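Subject: Structure handover

Hello,

Please find the structure below. My notes come after it.

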Amino acid sequence: TLDAAVRFVVTECGLCVEEAIAAAATRPAELLGRPDLGRIAVGAKADLVSLADDLHVARVMRRGRWIG
């Protein structure tokens, strides 16, 4: 899963959390030409994942509403 990939690059490769998340979300969206994805901004899709301090999924927002 993508949260496991983020944990791996932080714990095993030494990337900071911010860079790991950018590599998992922001950069792929940019490569796909999708400014509405991979960022928190006005006009962007309101889908996001909140990670706990241990980088496991804490909460998920889908279409602007917390689920689960």
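First, the ground rules. This is a predicted model, in which local features need pLDDT of at least 70 and side-chain atom pairs count only at pLDDT 80 or more, while totals for chains, interfaces and linings use all residues. Residues are numbered from 1 along each chain as its sequence is written, and side-chain values use heavy atoms, with hydrogens and water left out.

The sheet

Helices (H or I, at least four residues) and strands (E, at least two) are DSSP runs, numbered from the N terminus. Two strands pair if DSSP finds at least two bridges between them.

Three strands form an open sheet in the order 1-2-3, with antiparallel pairing. Strand 1 and strand 3 are the edge strands, each pairing on one side only. On average, neighbouring strands of this sheet are turned by 30 degrees against each other, direction ignored. For that angle, axes are lines fitted to C-alpha atoms, for helices over the stretch in contact, and angles run from 0 to 180 degrees between N-to-C directions.

Strand 1 spans residues 48-51 and strand 2 spans residues 57-62; four bridges join them. L51 has V57 as its bridge partner in strand 2. S50 has R59. The hairpin of strand 1 and strand 2 has five residues between the strands, and L55 takes a positive phi near 65 degrees there.

Strand 3 covers residues 65-67 and is joined to strand 2 by three bridges. V60 has I67 as its bridge partner in strand 3. Strand 2 and strand 3 also form a hairpin, with two residues between them. In that turn, R63 has a positive phi of about 55 degrees.

The largest pocket

Rolling a probe the size of a water molecule over the atoms shows where empty space is left. The search uses a 1 Å grid over the protein atoms alone: a cavity is a set of points where a 1.4 Å probe fits but cannot get out, and a pocket is an open set with protein on both sides within 12 Å along at least five of seven lines. Lining residues have an atom within 4 Å of a point. Grid points are joined across faces, edges and corners, and a volume is the space filled by probe spheres set on the points.

The largest pocket has a volume of about 620 Å³. Its lining has 21 residues; I21, A25, D47, L48 and V49 lie nearest the centre. Helix 1 (2-11), helix 2 (17-31) and strand 1 each supply at least two lining residues. Helix 2 gives the largest share, four residues. The lining divides into 14 nonpolar, two polar and five charged residues. Here Ala, Val, Leu, Ile, Met, Phe, Trp, Tyr, Cys and Pro count as nonpolar, Asp, Glu, Lys and Arg as charged, and the others, Gly among them, as polar.

Salt bridges

How many salt bridges does the structure hold? There are five. Each is a side-chain nitrogen of Lys or Arg within 4 Å of a carboxyl oxygen of Asp or Glu.

One of them joins D3 and R7, with the closest N and O atoms 2.9 Å apart. D3 and R7 are four residues apart in helix 1, so about one helical turn separates them. Both are buried (under 20% relative accessible area; exposed is over 50%, partly exposed in between, with a 1.4 Å probe and protein chains only).

Another links R39 and E30 at 3.9 Å, N to O. R39 is partly exposed at 32%, and E30 is partly exposed at 47%.

D36 and R34 form a salt bridge too, at 2.7 Å between the closest N and O atoms. R34 is partly exposed, at 34% relative accessibility.

Best regards
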